[in-house]
Protein chains: 2
Amino acid sequence: MPLVHCFEFTILGQQVSLPVPLLLNVAISAGAFLAGRSLIPKMKPMFINANLYGIDMNKKSKPKIPEAFGVVTGCIFLVSLFLFIPVPFLRNFSTTVKGDFPHDKFVEFIAAMLSICCMILLGFADDVLNLRWRDKLYLPTIASLPLLMVYYTNFNSTTVILPKLVRPLLGQSLDIGVLYYLFMGMLAVFCTNAINILAGINGLEVCQSLIIAGSIVVFNVIEILSGHHNDAHEFSLYIMLPYIGATLALWRYNRYPSEVFVGDTFNYLSGMTFAVVGILGHFSKTVLLFFIPQVLNFLYSVPQLFRFIPCPRHRMPKHDPATDLLHISRTQFRVDELNALGRLCYQIFRHLRLIRCEVDQDGKTVTCNNFTIINFCILLTGPIREDRLNRLLVIFQLACAMFAFTIRYPLAHFFYDAN
Amino acid sequence: MPLVHCFEFTILGQQVSLPVPLLLNVAISAGAFLAGRSLIPKMKPMFINANLYGIDMNKKSKPKIPEAFGVVTGCIFLVSLFLFIPVPFLRNFSTTVKGDFPHDKFVEFIAAMLSICCMILLGFADDVLNLRWRDKLYLPTIASLPLLMVYYTNFNSTTVILPKLVRPLLGQSLDIGVLYYLFMGMLAVFCTNAINILAGINGLEVCQSLIIAGSIVVFNVIEILSGHHNDAHEFSLYIMLPYIGATLALWRYNRYPSEVFVGDTFNYLSGMTFAVVGILGHFSKTVLLFFIPQVLNFLYSVPQLFRFIPCPRHRMPKHDPATDLLHISRTQFRVDELNALGRLCYQIFRHLRLIRCEVDQDGKTVTCNNFTIINFCILLTGPIREDRLNRLLVIFQLACAMFAFTIRYPLAHFFYDAN
C-alpha cells in the first residue's frame, strides 16, 4: 500500500516529512481521547442503574464503582477505526482503476476490526453475565477466527526462522504448518487472559496495557525509520494510536482512586488488539516480548490457576482500613492434601523464596501468600499504599519493556542474522 | 466467485445438482439451530442473575422473563458465519496461485460480519444500559459504516434505473451519488428500528423476522434458478440460512408463552442482517418490499413517534387478567393542546377511521387507541387472546410477502424492463 501524499515541513533546520494518513490517524486518536473524556463521566449513572458496579475493597469507604467501562472505550476505539478505514486507501480511489484496489490490505483492516469488535462483544457479555472460567479460554479463540482466516488467505506463511544455534540440526527455517495457526490462536488467548490475571488494584490493567501499546508504537517507529516492512508497521500504528487515545481517556478515570472500573471487556479488548497487530504485522514474537511481566505473573500463578495449590476466588491484596495500606492476601492448605504436582510446586517455590510461608504447629497446615506478582511485590516492600504499589508495578513493566528492546535489538543478533 | 464442486444426485428421475458450499451452509445452519436449542434454556438463570429480565405484562401471573436473548442468538449466528467463511473460497485455495484470491468477495463477507457484530454489540449495550431513544438512530448508522465502505470500494455504483414512466423526463437511469449512500445508511436505521417498533406481544419480533428472512431466501432461490447475478444471491443465502437456523431456536423459546424475551439486540441484529444482504446483494429495494407491514406500522406510528400526538412509554396492548384477553392501549390528549400537525394527523386518522376515539363531554379531551398496527388489529377483532393476535399479525405479514412477490415479479414489468 503506497503512502499517500506527505506533509513536509522544516523544523530546527531539519526537513521532516509525515504521511497524511498518519497525521489524520493522530487527529482521530486525539478525537477518541476527547470523546472518552467527555463520555465516561456522563455514563457512570447508566452503569450503576444497570447494576454494573463493583465495590472497591481497597478503600476505607468501600465505594460503589461502575464496572465494565471497557465497553465505552471499546466502542470509541471501534468508531475511530471505522472513520479511519478509508484514509490509507484514498490515493487508490483517486488514481487507479477499479481492479487495482488493494483488497488484500483492506481485508486486513476489516478482519482486525471484526476480531476486536467480536472480543468487545464477548468481553461485555462476560462482564454482564459472569460467564464461567472456562469460557474465558474459548471466547478469544472464537474472536480470532476471522483473523486467522485472513492470515491464511493473505500470507499463509507458516515458516519460522530458526535461531543460529539449532540451524545445524534443523536448517535455516522450519515450516511448522498448522502449529503456526495454533500458536496464533493461543497468542490471542494468552494476551487476553494474561492482562486479566494481573489486575486487582486501581489503574493497573490500563497502565500495563498503555505501556505495552507504547512499546509496540516505539517498535513500529524504529522499524519504519530503519526501512523495514513499512506496510505492516504502518498498519500497526494505525490501530495502536486510536487505541492509545481511547485508553488514555479511560486511564484518566480509572487511575487511583478509581472512578470507574474497566471490566474484563477492557482486558479482552486490549489483549486482542495486541494479538491482532502482532499476527497481521508479523511480529507476534516481539509482542510477546512486551508481555514479560504478564508471562512471569502467569508462570508464578500456574500452581493456583491449575489448582495444584488451592486458589481463592480473589487473589488481590488485602486492605487494612486502619492504616489504608495493602497487605498480601493468603491461601491456606494442608501439605498432605496436595497432589504430587502441588507438593512439588510448593517445595520449589518455597526454596526459591518466591512465597512466604507460615507452617502451623502440626507441621502440615501452611498459610502463604497468593501466587501473583502483586502479592510478591508486597512481600518485598512490606504493606504499601495502593497508588505506590501500582507505581512500582508500572516501573517494573517499563523496565521489562527496556529489557525487551535489549533482547529484540542487540541480543537478537546473537541468535539471528541482522534484521 | 465460481461455485465449488457440486454434489449431484437423482431424485424421482430428476438430476439434481447442489453446490457443496450450500450443503455445508445448510449443515452449519442446522448446527446453529441445535446449539441455540440447547444453550438458551441453560443460560436463563445467568440472565436473571444479571438483572436482565422483564415482567410479561400480558400474563395473569406476571412472570419474570429473562431479557435480551438476542445476544445468544447473535453470537451463535456470528460463530456460524465465522466457521463458514473459508468454505466458498476452498476452491480458490487449492487451484489458484496466491494473487488470484478473490479478496473483493472475501472482504464483503468480513464487512458483513463486522456490521452485524457491531450491531449485536451496540444492541446488547442498549439492552443492558438502556440508552436514550436518539441513540437508537445513530447506532445503526455507526454499524453500517464498514458496509458502506466496502460498497464504495467494490461497486461504488450509485446509479438507479428509473421506472419507464419518468424516463422521458430524466432518462434511462440517474446517478444519485452520495444520496445513494445516505439511502443505504438510512436503510440500516430503518430496518433495525422498524422491527423494534412492531413488537410487544410474545413471539412477534421473531416471527416477522423469520418471514422476512424466508422471503429473502425464496427471492434468492428464484433469482439463482433464473440465472441472475448468481454471486450476490449466493452471498445472501450463505448469510440468511444460518440466521434462520439460529433464529428458529430462539423462536422455540420466545413463542407464546415466552420463556425468554429477545431484547433490542435481536431486532437490531435482524434489521442489520437484512440491510447487509440487501446492500451487498444489490437488492435493497426488494428487501424493503418485504417490510410492508413494518412500513405501514411506521407510517401509522409517525404522529406518535414524532410526538405530534402524545405517546406513552409503552404502546403495547393492555391485558385484562379477568378474561386473559388483550385490549387496545390508549392515549389521551386535549385537541386544543395539539400543535397544527398534531391536529391535522388527528383529523385525517379519525376521518379515515384509522383510530377509534372517545371525546369527553367538554368536546376537547380525546381518548383513542395508540397508533400501532397491533392496536389497529385489536380494533378490528375486538379483545383477543395474545397467541391469536400474534397469529393474525403473522398471517398479515405472510400476505404482505405474497403481495411483495407480486409487485416484484409480474408488476415490475409495467415499470421496468424485464429482469
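Predicted model: local features only at pLDDT ≥ 70, side-chain atom pairs only at ≥ 80, totals over all residues.
Residues are numbered from 1 along each chain as its sequence is written, chains are lettered from A and ligands numbered from 1 in the order in which they are written, and side-chain values use heavy atoms, with hydrogens and water left out.

With that in hand, look at A:Arg315. Not counting residues up to four places away in sequence, A:Arg315 touches A:Ile197, A:Ser301, A:Gln304, A:Leu305, A:Ser329, A:Asn370, A:Phe371, A:Thr372 and A:Asn375. You will find A:Arg315 in the loop between α12 (292-305) and β7 (318-320) of chain A. Helices (H or I, at least four residues) and strands (E, at least two) are DSSP runs, numbered from the N terminus. A:Arg315 has a relative accessibility of 12%, so it counts as buried. Here buried means under 20% relative accessible area, exposed means over 50%, and partly exposed is in between, with a 1.4 Å probe and protein chains only. The chain also brings A:Arg315 and A:Gly200 to 8.0 Å from each other, C-alpha to C-alpha, although they are 115 residues apart in sequence.

Two other buried residues of chain A are worth a visit. A:Cys368 sits in strand β11 (residues 365-369) and has a relative accessible area of 0%, so it is buried. Its contacts, leaving aside neighbours within four places in sequence, are A:Ser329, A:Arg330, A:Thr331, A:Phe333, A:Ile355, A:Arg356 and A:Cys357. For A:Arg356, 12 residues away along the chain, the C-alpha atoms are separated by 5.5 Å. A:Thr265, in helix α10 of chain A, is also buried, at 0% relative accessibility. Beyond the residues up to four places away in sequence, A:Thr265 touches A:Ala68, A:Gly70, A:Val71, A:Ile120, A:Gly123, A:Phe124 and A:Asp127.

Cysteines bring up another topic. A disulfide is a covalent bond between the sulfur atoms of two cysteines. The rule used here asks for a pair of cysteine sulfur atoms within 2.5 Å, and by this rule there are zero disulfides over all chains. A:Cys75 is in no disulfide, and the nearest cysteine sulfur, that of B:Cys118, is 7.0 Å away. A:Cys75 counts as buried, at 18% relative accessibility. A:Cys207 is in no disulfide either, and the nearest cysteine sulfur, that of A:Cys377, is 14 Å away. A:Cys207 is buried too, with a relative accessibility of 12%.

Now for charged side chains. Side chains of opposite charge can pair when their charged atoms come close. A salt bridge is a side-chain nitrogen of Lys or Arg within 4 Å of a carboxyl oxygen of Asp or Glu, and the count comes to 20 salt bridges over all chains. In one of them, A:Glu259 pairs with A:Lys44, with the closest N and O atoms 2.8 Å apart. A:Glu259 lies in the loop between α9 (230-254) and α10 (263-280) of chain A and A:Lys44 lies in helix α1, so this pair ties together parts that are 215 residues apart in sequence. A:Glu259 is partly exposed at 33% relative accessibility, and A:Lys44 is partly exposed at 22%.

B:Lys59 forms a salt bridge with B:Asp56, the closest N and O atoms being 2.9 Å apart, and both B:Lys59 and B:Asp56 are buried. B:Asp387 and B:Arg385 meet in a salt bridge of 2.6 Å, N to O. In this pair B:Asp387 is buried, with a relative accessible area of 13%, whereas B:Arg385 is partly exposed, at 40%. Back in chain A, salt bridges that share partners join A:Arg334, A:Asp336, A:Glu337 and A:Asp362 into one network.

Finally, compare the two chains. The same surface serves both copies, since 100% of the contact residues of chain A recur in chain B.

Methods
Contact = heavy atoms within 4.5 Å.
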